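Here is a short tour for anyone who likes to look at a model before computing with it. Have the viewer open and follow along.

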Amino acid sequence: MVVAGGLGMAGCGSASPNPSSSNPWPPLKTLSPFPFGAAAPSAYLDDPDWVELAQSHLSQITPEWELNREYIAQEDGSLRFDAPDRLAAFCRQNGIRFFGHCLVWYAQIMPYFRGLDASLFAAEYDRYIQVVMRRYAGQMVGWNVVNEAVAEDGGGLRDCLWSERLGGGVAYIRRAFEQARLADPAALLFLNDYNLENNPAKGATFLKLVEKLLKLGTPIDGIGCQSHLDLDIADGQIRTFLRNASDLGLRIHISELDASLRRDDGKPDLRNLDYKIARQRALITELTQAFLDLPASQQFGFTTWALRNRDSWLRRPPRGDGRDSMVFLNDHGQPTAMYDAFATVVTHQVKRQTA
Ligand code: G3I
């Protein structure tokens, strides 16, 4: 059983759980009462250590970027699937759920699209969704159909070419979900966004958008709360967002969880490591308990945006400095303080339920 420990191991952010002889550190998918996943590029399948950890810890995998348009759509409009096909095969061979990310994103519009006239633009928008989703129909448990539709400051919808060329407002979002439902009726369809807990105004706008889409009959099954957590948000913000989100009755996916120790605002970081690790513990504790307080039917799962610290986008240039610790396993595949906080909450919950 994991016991909250100090930072007993090498590397910042490592926990020192009290490993039992039989099971040094319970795998995350065993600890977690709901599906536990991670994001990965297909290149990690060539790392035997990563493969062993993924087989042990994960019940779901999201392609980190190789199901995005930037990878699939080629300049001439053709599509390539070699990398996501490798990840799909690995998931099939290992009984791991496969989750698609993402079909429509303001940040990724290939140049060939921009030159299309109105009717061709709409037809190509639909074709892309149909072709990509049908390829994995029957395997994909769900998709982030539209990613990051809300403006950075939460002041409304983000302007983007999709909206501009497909009728303005929420029309492009509705169209994407309707096409997605036709392409793979078995897949759960999610609207995904970030800073929903870090920025309460953005979280509120996001939930109002989902409510409006539902009232218009849009086939949305779930919301993706990316949860790239800001260590300095006020306690209770995560719980408040999840409680408000729960009122919509949809599945909730903590879809890109990490909690960087670094500031991303360019200001000098005067916080000491112990403070930052304590904040990671506090936020993971709040997030996990608030998620467990959701109705079981709404607990779609957690996905961390890397399995190990070393696998994270936050370690890659230009951000990466090799010392950040932001997920549940350190560079050596051992539990970090975030794992420890998560394990402490879920094991106490299990005890309460079996008492
Ligand atoms: O692997 C290639 C490398 O061979 C090539 O030399 C290099 C330069 O072109 O590119 C490398 O691929 C990059 C890939 O990350 C792997 O590092 C892509 O250019 C780069 O665009 C891609 O960035 C991804 C980004 O989304 C944009 O798709 C990140 O990995 C991924 O972590 C990030 O994830 C996003 C979510 O989709 C949405 N929420 C925020 C999250 C973090 O930004």
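How do the residues of the shell around the ligand divide into nonpolar, polar and charged? This is a predicted model, and in it the shell holds four nonpolar, six polar and five charged residues. In total, 15 residues surround the ligand. The closest are Glu64, Glu70, His101, Gln226 and Glu256.

| Residue | Ligand atom | Distance |
|---|---|---|
| Glu70 | oxygen | 2.3 Å |
| His101 | oxygen | 2.8 Å |
| Glu148 | nitrogen | 3.1 Å |

On its own, the ligand has 780 Å² of accessible area, and the protein covers 54% of that.

How far can you trust the coordinates? The mean pLDDT of the protein is 92, with 93% of its residues at 70 or more. Residues 1–19 are a stretch to handle with care: their pLDDT is below 50, although the model gives this stretch 57 contacts beyond near neighbours in sequence. Where pLDDT is low, predicted coordinates should not be read in detail.

Away from the ligand, let us turn to the aromatic rings. The structure holds 22 aromatic pairs, one of them formed by Phe113 and Trp162.

Methods
Residues are numbered from 1 along each chain as its sequence is written. This is a predicted model: local features need pLDDT of at least 70, side-chain atom pairs count only at pLDDT 80 or more; totals for chains, interfaces and linings use all residues. Side-chain values use heavy atoms; hydrogens and water are left out. A residue is near a molecule or strand if one of its heavy atoms lies within 4 Å of it. A polar contact is a pair of N or O atoms within 3.5 Å; within protein, one must be able to donate a hydrogen and the other to accept it, and residues adjacent in sequence count only if both atoms are side-chain atoms. Accessible areas come from the Shrake-Rupley method with a 1.4 Å probe; for residues, only the protein chains shown count as cover. Ala, Val, Leu, Ile, Met, Phe, Trp, Tyr, Cys and Pro count as nonpolar, Asp, Glu, Lys and Arg as charged, and the others, Gly among them, as polar. pLDDT is the predictor's confidence in each residue, from 0 to 100. Contact means heavy atoms within 4.5 Å. Rings of Phe, Tyr and Trp (its six-membered ring) pair if their centres lie within 6.5 Å; planes under 30 degrees apart count as stacked, over 60 as edge-to-face and the rest as tilted.
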